[in-house]
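Please find below my notes on the model under review. They are set out as numbered points, to be read beside the sequence and the coordinates.

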Amino acid sequence: MVVDSFKFLPRSFRPLYEGRGPFPGEDAPVWARFEKRLAESRIALLTSAGIYLKSSQPAFDLEREQAHPDWGDPSWRAIAASAREADIGVAHLHINDEDLLADPEVALPTRLLDQLASEGVIGGTVAEHVSVMGYQDRSLKDWRGETASELVAHLQSQGADGLILAPV
């Protein structure tokens, strides 16, 4: 199977991503070959919608973001694959949370991922997906120093072989 990473981008965006070359400070664009077959792989979801579990997790820090508009909460939340709509909260200043609360699948398509697993397209899913607030400060200092390594460790502990970014 050949994956077209640009299939759902507007055609005018494709040249910006496809031929961009490395960013400053990179030797080459970030790329990792996917070694396993999808049908044998456990897949996780990462949403940038600021989703959290209302009963057991704090919301993302909107108060600080309102006071400092160039800042974005760099923390993350583990979201159980079994979470129901009623369990979900959304904390994000840059998206309409009413739509996400009406149908969290828009930002965290767990049912669709489960369907792919039941059809044998993927080997399975993780027990806990992850959520972040997509808007971040330009330096990405906290992401580079803390968040990214925490997310990787969590996903590895879940046995994830691959990650689907579900941006909003």
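1. Arg-77 has Ser-131 as its bridge partner in strand 6, and Ala-80 stands opposite Glu-128 in that strand. These positions belong to the antiparallel pairing of strand 3 (residues 76–80) with strand 6, which extends over five bridges. Two strands are taken to pair if DSSP finds at least two bridges between them. Helices (H or I, at least four residues) and strands (E, at least two) are DSSP runs, numbered from the N terminus.

2. The model is a predicted one: local features need pLDDT of at least 70, side-chain atom pairs count only at pLDDT 80 or more, and totals for chains, interfaces and linings use all residues. Residues are numbered from 1 along each chain as its sequence is written, and side-chain values use heavy atoms, with hydrogens and water left out.

3. Arg-77 also lies over the face of Phe-60, at 4.0 Å from the ring centre. The criterion for a charge over a ring is that NZ of Lys or CZ of Arg is within 6 Å of the ring centre and within 35 degrees of the ring normal. Aromatic pairs, by contrast, number zero in a search of the whole structure. For such a pair, the rings of Phe, Tyr and Trp (its six-membered ring) must have centres within 6.5 Å; planes under 30 degrees apart count as stacked, over 60 as edge-to-face and the rest as tilted.

4. How many residues of strand 3 are buried? Four of the five are, so strand 3 is largely enclosed by the rest of the structure. Buried means under 20% relative accessible area, exposed over 50%, and partly exposed in between (1.4 Å probe, protein chains only). Strand 6 is mostly covered as well, with four of its five residues buried.

5. Strand 1 deserves attention. Because five of its six residues are buried, strand 1 is largely enclosed by the rest of the structure. Strand 1 pairs in the parallel sense with strand 7 (residues 162–166) over five bridges, and with strand 6 (residues 128–132) over two. Leu-46 stands opposite Leu-165 in strand 7 and opposite Val-130 in strand 6. Two bridges also join strand 1 to strand 5 (residues 124–125), again in a parallel arrangement; there, Ile-43 has Thr-125 as its bridge partner.

6. Which members of the largest nonpolar core touch the most others? Of its 13 residues, they are Ile-51, Ile-79 and Ile-88. Strand 1 (42–47), strand 2 (51–53) and strand 4 (88–90) are the elements that give two or more residues to this core. A second, separate core has 10 residues, among them Trp-76, Ala-78, Val-126 and Trp-143. A nonpolar core is here a set of buried Ala, Val, Leu, Ile, Met, Phe, Trp, Tyr and Cys residues joined through side-chain atoms within 4.5 Å.

7. Residues up to four places away in sequence being set aside, Ile-79 touches Ile-51, Tyr-52, Leu-53, Gln-57, Ile-88, Leu-108, Ala-127, Glu-128, His-129 and Ser-131. Contact means heavy atoms within 4.5 Å.

8. Val-90 lies in strand 4 and is buried, with a relative accessible area of 10%. Beyond its neighbours within four places in sequence, Val-90 is in contact with Ala-49, Gly-50, Ile-51, Tyr-52, Ile-95, Asp-97, Leu-100 and Leu-101.

9. Glu-146 and Ser-75 are 71 residues apart in sequence, yet their C-alpha atoms are 8.9 Å apart in space.

10. As to the chain as a whole, the protein has five helices and seven strands, in the order α-β-β-α-β-β-α-α-β-β-α-β along the sequence. Of its 168 residues, 33% count as buried. Among contacts between residues at least 6 apart in sequence, 75% join residues at least 24 apart. The accessible surface comes to about 11,000 Å², of which 54% belongs to carbon and sulfur atoms; accessible areas come from the Shrake-Rupley method with a 1.4 Å probe, and for residues only the protein chains shown count as cover.
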